[in-house]
Amino acid sequence: MSEAQNFKYIGRNTIRPDGFDKVTGRANYGADLTLPGMLWGKILRSPHAHANIKRLDTSKAEALAGVHAVATFADFSAVGDEAIEGGEGSSTLLDLARNILARDKVLYHGHAVVAIAAKTAAIAEQALALVEIDYEILTPVLDVRTAMAADAPLLHNDLYTQNGADKATTPSNVAARHEFKMGDVAAGFAAAEIIVEREFYTPTAHQGYIEPHACTVRFDKDGQSMVWCSTQGHFDVRASTARLLGMELGKLKVIASEIGGGFGGKTTVYLEPVALILSRKSGRPVKMVMNRDEVFKATGPGSASRSWIKLGAKKDGTITAMQGSLAYEAGAFKGSPVMMGCMTAFTPYAVPNMLIEGFDVVVNKAKVAAYRAPGAPQAEFAVEMLVNELALKLGRDPIDLRLQNAAKEGTQTIYGPKLKRVGLVECLEAARDSKHYQQALAANQGRGVAAGFWFNVGGQSSVTINMNPDGTGTIVEGSPDIGGSRASMQMMAAEALGIAPALLKPIIGDTENVAFSAGTGGSRTTFATGMAVIEAAEDVVRQMKQRAASMWNVTAEQVDWVDGVAVNTAGEDRLSLASICAGADRTGGQISGRGNINARGAGPSFAVHVCDVAVDQETGKVDIVRYTAVQDAGKAIHPAYVEGQFQGGAVQGIGWALNEEYVYGASGLLENAGFLDYRIPVASDLPMIDAIIVEVPNNFHPYGVRGVGESGIIPPLAAVGYAVENAIGAAVTDLPLSPPRVLQLVQDRG
Amino acid sequence: MARVCFSSAQQQLTGVAECDIAAADYRQLLGAIAQRFPRLDMAELQKMAIAIDGEIIHEPLLESLAEHSEVHFLHFIAGG
């Protein structure tokens, strides 16, 4: 794209096309579908964190009147150990099956063991109580330090550490060790005049989406089965479910309902394959809905982590070396995002000498799932805390120090390529120049600054635009709308077609009426699906020009497209889009445009946050008094939605920093599986989050878009963490900074 | 000649951090790498994304390379 494009619709805050349905209650979510003859499915979950299943007897449950089907791991007996291709949480099909229904072992509190479908939910619950299971209770392994010890109880006897190209020969709880390096880190530290290092801890934190996992399914013997569910990727649900059940893709239709939050947590399957097994066995539709307790215990949160980071710098502020070691909890099965932690931790900095290792560690907790920029917040918390400490010790302004060492176009990254054009410097300058940063702190207040980096991704997206005879149209996309993307798709199509956005209705197609699209995640939808929308719209324009040309007896090349009107450059003729659509039946039939792409050229997004806190040093309570989130959007298609993404990421990160954590007892039982005890921030806890949109265009997108969904959750952990450290004058190492922990820091400080 | 840069783990098997390979496209590049570094697991390599001159590409099968392209193999990134 060119630097200065004049947009007609892009950059405006249009009315969201899904708004009316949502505010009137007409929108249909995961639990809203009911089918004739439908059964209710319920799951019996493990009361133990780690135990062998010695005996499992479902006969009494099966005999109960009203029970129609029972499912156990035996229903996955044909599942092999092949890999599931994917991203940072990639795993095997067998592990996925064993997470959905335990095989011979339960590996965390709440691990599903048996599923039952019955005429009513009450009968299903009654039947669960009749299932007999003998457990041999084992010692739980609840954190990476314990899990990595040589004498640690093993979760899996067949898990061997993969260390680069080498594989260990004795089993371990460490699934993998990764290493990234560049330059000579020893020489870098030798050249340093000041060195800072510290160990950090971040807890298990859940995405906290409001809508629980839910689905309604129907297995049809004629081979046309259906799944309705709340998901970030219905094509991924189809792929996973079909492989687990040995079905052909063409015989399974998956419909994405409206979704009440996902943030990465709805990129895998829990209920859908089980419900389909129950439906196959019973011959009836089955509905399953998790309650909040189940969501916390048995769906994938973000990894807890322990990390050690060391930085070296010269007195003039030049950072000479960065080194780190990260250990992330994967939960019960391998596949934490520690590699992404390694790849992102040092990327905001142009430093020649870097070395980082990461350990993927299994523990007796629910298998982790993606959570907004998976792996990055934990690593950046540690790095950014130390950069702030470095600034303090050097007597430097923390933003000024970051500007001195900031990554920019051409900077060599530790994960391989050099950065293309990025906007970190612009974000730092915007934060420095903000009103917030100019304000003085009051007594008992502290300030923290932090930066964050996320790659953003492209991938496959498919879109069709079907025009109607009256000049309106429908945009059918394959990416579930979890953050307002329908508005952005509508605006990009309108821009390309040259007609008002309101004339176009964006909808999410099911797996049968739109071609494959990767899930909504990785900050990819506005970028990649947006490119598919633009391609589909340009396809429509090409056809419009051909139709006009045929009417005027000229070639299509002699027709221009200006603001939704075909213009005959060889004469005075004009035909509007609406006119061409109205006459389409006489010029070749209705017009439909297609955009099927595998998008490349995703532009990374950097974020910089500034946080001011007030700490009550008698109670340890922390209040956020000012907060500013700055981020490079490339081009903000719908600025209000972009600001919303910044604010949402910031608030989730603030929650992770201040209060959110899974609390386990010694026996490994989760003690706070509900929103009363798992404290997410609510509106009354927070000031307005000021959002500053930086626009450094991504030259690989026609309109300059970068993704904005993820980077915003990376800086808050350190921005809040260091603000507290600054306020109380004591080193912060562990999150969350809940009142008891802060009070302890104050008391230990003396 | 394209410049191919290997990760720490790949270097265990290639013995070099980088090398120059004459290849006009991704498929030629893979063939040449397989010949020169037989210890590399080509099946694993083909599952990886690549970065060509800083641009990350998840499905590079049909990608062409410029005369002095710099190529890195990366793990697939999905995000949340």
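Mentor: We shall go from the domains to a pair of helices. This is a predicted model, in which local features need pLDDT of at least 70, side-chain atom pairs count only at pLDDT 80 or more, and totals for chains, interfaces and linings use all residues. Residues are numbered from 1 along each chain as its sequence is written, and chains are lettered from A and ligands numbered from 1 in the order in which they are written.

Trainee: Into which domains is chain A divided?

Mentor: Domain bounds come from an automatic or database domain assignment. In chain A, domain 1 covers 19–27 + 458–599, domain 2 covers 39–138 + 211–260 + 266–298, and domain 3 covers 305–456 + 603–749.

Trainee: How many residues of domain 1 of chain A are in contact with domain 3 of chain A?

Mentor: Two residues are in contact if their C-beta atoms, placed from the backbone, lie within 7 Å. Here 15 residues of domain 1 of chain A are in contact with 18 residues of domain 3 of chain A. On the domain 1 side, helix H15 (485–497) and helix H16 (525–552) of chain A each give two or more residues; helices are DSSP runs (H or I, at least four residues), numbered from the N terminus. H16(A) supplies the largest share, five residues.

Trainee: At what angle do the axes of H15(A) and H16(A) cross?

Mentor: Axes are lines fitted to C-alpha atoms, for helices over the stretch in contact, and angles run from 0 to 180 degrees between N-to-C directions. The axes of H15(A) and H16(A) cross at roughly 35° and come within 8 Å. Among the residues that meet are A:Met489 and A:Met492 in H15(A), and A:Val533 and A:Ile534 in H16(A).
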